[in-house]
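Thank you for sending this one over; my notes are set out below as numbered points, for someone who has not looked at the structure before. Please read them with the display open.

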Amino acid sequence: MLSFFKKWFGNKAGKSTGKARPSDPVLDLGPAAAPGRVRERPPRADVHQLMIRATAIRRNKGYHEAVLFLQDLAEHYLKERNTALVTCVYKLVPYMKKDPELSYEQAYAWFQDLIDRLPEADPYFLNVHITMAELLEMESAEKAIAYLEQFLQQHSPSTDTYYHLIRLADFYREQSDRKKALDYMEQARQWWDTSLDRYRLIKMQRRWHHSAALLALEGNSNKDLSDYLFHRFMEFALDMARVLYPAQIDEFHKRKDQYFKGERGFAGTTTFEKAISSLDLKEKRESLIRHIEGFVFEEMPMILGVTEKQLHFHPGDPESLEEVRQKKTFPERPFTEEKELEERVRKIVDKATD
């Protein structure tokens, strides 16, 4: 039998050795881990490129062919016990929902069979249950909520169930149950532990602020809108912190350029512009953006322990062996500066909204 990669790409495709960590469901944060230090077990193939391939199939041949492609890929990842399975099924479920040749019952049966065969040794695979809840939402939000609440009853609370708590908060927010949403958000925040891997913790916190921003928008007061700006700016700051690694400082500057070019970020989004308008900040809008970007791009790296020389380093610049060592060991530092970042970002927001 032909391998998955030979089946879809021919003999050359299976030779790729590029690595990529499972992508973030909200935002692709790009490479950040130090060479040789595996943070989230990476797939042996570039899952990001395969997801792009799935999109191309959907555009050229329709949802059903894309679903077949992703189902085959999921089986391949499951057989290899590859954590890229989580990214694959996250992409798959929205396609299943729109596949005219696939019923809800068929999609559910396929997914349940997959879950029944998940590896038990690696807790990262537990995130597949979040995607199952997304599928159940096709029938009703109540079923999706019940599924995740039952899941949390069966699994001891831990950092491994962190994203399940946040997704439950999102479901309750979408059902206008602000109290329940806030409760699950608070439960999730209890798992911010500075002993965790630096980049894992930053990712967890960024995801939390993303949901907190959306939840703040459910309120009607100026304080709620101000909280939205605060959480949105924190998400921005942590997005940049996720790629702040002195030995690969070009990744930080690439991300910064994406914000400057408007290829990513909050400026121009419907929610941000609505908050600015509702808070009567149109005249202060550009100044506010300059202040938060200036802080994140220039001041935050120093707060997080990156020197000015490291931040503006160019290949060929002289550096000592000790400086090289410091750059390479940076990821080993615990991430303990979140509160200071919150204080600085809150101050920027408060000054604009006073």
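1. What does the accessible surface of the chain come to, and what percentage of it belongs to carbon and sulfur atoms? The surface amounts to about 17,900 Å², and 50% of that area belongs to carbon and sulfur atoms. The model is a predicted one, and the areas, distances and angles in this note are to be taken as computed from it.

2. On confidence, the chain has an average pLDDT of 88, and 87% of the residues score at least 70. Among the elements of the chain, the lowest mean pLDDT, 51, belongs to helix H1 (residues 4–9), whereas the highest, 98, belongs to helix H8 (residues 162–174). Over residues 11–44 the pLDDT stays under 50, although the model has 85 contacts for this stretch beyond four places in sequence. Where pLDDT is low, the predicted coordinates should not be read in detail.

3. As for the overall make-up, the chain contains 17 helices and 0 strands, and buried residues account for 50% of its 354 residues. Of the contacts in the chain with a separation of 6 or more, 69% are between residues 24 or more positions apart.

4. The aromatic pairs number 14. One of them joins tyrosine 162 and tyrosine 163 in an edge-to-face arrangement, with 5.1 Å from centre to centre and 90° between the planes. Tyrosine 162 has a relative accessible area of 0% and is therefore buried; tyrosine 163, at 18%, is also under the 20% cut-off and so counts as buried.

5. A second pair, that of phenylalanine 233 and phenylalanine 272, is tilted, with the centres 6.2 Å apart and an angle of 55° between the planes. Because phenylalanine 233 lies in helix H11 (residues 222–241) and phenylalanine 272 in helix H13 (residues 270–278), this pair ties together parts that are 39 residues apart in sequence. Both of these phenylalanines are buried. They also belong to a cluster linked by ring pairs, whose members are Phe233, Phe236, Tyr259, Phe260, Phe266, Phe272 and Phe297.

6. Is arginine 264 buried or exposed? This residue is found in the loop between helix H12 (249–260) and H13, and its relative accessibility is 17%, so arginine 264 counts as buried.

7. Alanine 107 is found in helix H5 (residues 104–116), and it is buried because its relative accessible area is 2%, under the 20% cut-off. From alanine 107 to leucine 136 the separation is 29 residues in sequence, and in space the C-alpha atoms of the two are 9.9 Å apart.

How values were computed:
Residues are numbered from 1 along each chain as its sequence is written. This is a predicted model: local features need pLDDT of at least 70, side-chain atom pairs count only at pLDDT 80 or more; totals for chains, interfaces and linings use all residues. Side-chain values use heavy atoms; hydrogens and water are left out. pLDDT is the predictor's confidence in each residue, from 0 to 100. Helices (H or I, at least four residues) and strands (E, at least two) are DSSP runs, numbered from the N terminus. Contact means heavy atoms within 4.5 Å. Buried means under 20% relative accessible area, exposed over 50%, partly exposed in between (1.4 Å probe, protein chains only). Accessible areas come from the Shrake-Rupley method with a 1.4 Å probe; for residues, only the protein chains shown count as cover. Rings of Phe, Tyr and Trp (its six-membered ring) pair if their centres lie within 6.5 Å; planes under 30 degrees apart count as stacked, over 60 as edge-to-face and the rest as tilted.
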